[in-house]
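Q: Could you walk me through this structure before I set anything up? I'd like to go through it piece by piece.

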Amino acid sequence: MFPSLDANISIQLMKIVELHHVRLLIAISDYRQSLQFQVLNEEKQNIQLEVIRGGRRIETSIFDLVVGDVVPLKIGDQVPADGILISGHSLAIDESSMTGEAKIVHKDQKAPFLMSGCKVADGYGTMLVSI
């Protein structure tokens, strides 16, 4: 009567070990996927852009911008850093990512401040990186 009890305990222990093994494999797989996503996300955020630095045009990463860089902007561009509009024509910025309001703001010499992360909705311009 008792030997069958030992067999049941052995079967239950094997099921528990197998269940934990499956959970461990799932956790490892999820961790690897999150690392891959993180790498891809970092690559996506590493935008390359053309700037004027020291009077010369160079291509640089958005992460390597410095105060004083001059950045040309056109429709569809993301404002790469906080800055001041130097010149432009009909420059309109979508500041919804910063303010939460779906409102296009026209930029000119009276309202020259540009915020990082906003999108150029219309026009073109040149900005001076300030921060």
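This is a predicted model: local features need pLDDT of at least 70, side-chain atom pairs count only at pLDDT 80 or more; totals for chains, interfaces and linings use all residues.

Q: OK, which domains does the assignment give the chain?

A: The domain assignment gives domain 1, covering 1-45, and domain 2, covering 48-129.

Q: And how many Å separate their centres?

A: Taken over C-alpha atoms, the centres of domain 1 and domain 2 are separated by 48 Å.

Q: What does UniProt say about residues 48-129?

A: An unreviewed UniProt entry annotates residues 48-129 as "domain: P-type ATPase A". In the model, the chain over residues 48-129 is 55% strand and 5% helix, with its end C-alpha atoms 15 Å apart.

Q: Switching to pockets, what volume does the largest one have?

A: The volume of the largest pocket is about 200 Å³.

Q: Which residues line it?

A: The lining of the largest pocket consists of Ile47, Gln48, Leu49, Glu50, Ile62, Val71, Pro72, Leu73, Lys74, Asp77, Gln78 and Pro80.

Q: Which strand gives the largest share of that lining?

A: That is β3, which contributes four residues; β1 (48-53) and β3 (70-74) each supply at least two residues of the lining.

Q: Now Ser61: where is it found, and is it buried or exposed?

A: Ser61 is found in strand β2, which spans residues 56-61, and Ser61 counts as buried because its relative accessibility is 8%, where the cut-off for buried is under 20%.

Q: What does its side chain pair with?

A: The side chains of Ser61 and Asn46 are joined by a polar contact of 2.4 Å, and a polar atom of the Ser61 side chain lies 3.0 Å from the backbone nitrogen of Phe63.

Q: One more, Glu95: where is that, and is it buried or exposed?

A: Glu95 is found in the loop between β4 (83-94) and α2 (96-99), and Glu95 is buried, with a relative accessible area of 10%.

Q: Which side chain makes a polar contact with Glu95?

A: The side chain of Lys107 does, at 3.1 Å from that of Glu95. Leaving aside neighbours within four places in sequence, Glu95 is in contact with Lys107 and also with Gly100, Glu101, Lys103, Val105, Met115 and Cys118.

How values were computed. Residues are numbered from 1 along each chain as its sequence is written. Side-chain values use heavy atoms; hydrogens and water are left out. Domain bounds come from an automatic or database domain assignment. Buried means under 20% relative accessible area, exposed over 50%, partly exposed in between (1.4 Å probe, protein chains only). A polar contact is a pair of N or O atoms within 3.5 Å; within protein, one must be able to donate a hydrogen and the other to accept it, and residues adjacent in sequence count only if both atoms are side-chain atoms. UniProt positions are given in the numbering used here, feature names are shortened, and annotations may be inferred rather than shown by experiment. On a 1 Å grid over the protein atoms alone, a cavity is a set of points where a 1.4 Å probe fits but cannot get out, and a pocket is an open set with protein on both sides within 12 Å along at least five of seven lines; lining residues have an atom within 4 Å of a point. Grid points are joined across faces, edges and corners, and a volume is the space filled by probe spheres set on the points. Contact means heavy atoms within 4.5 Å.
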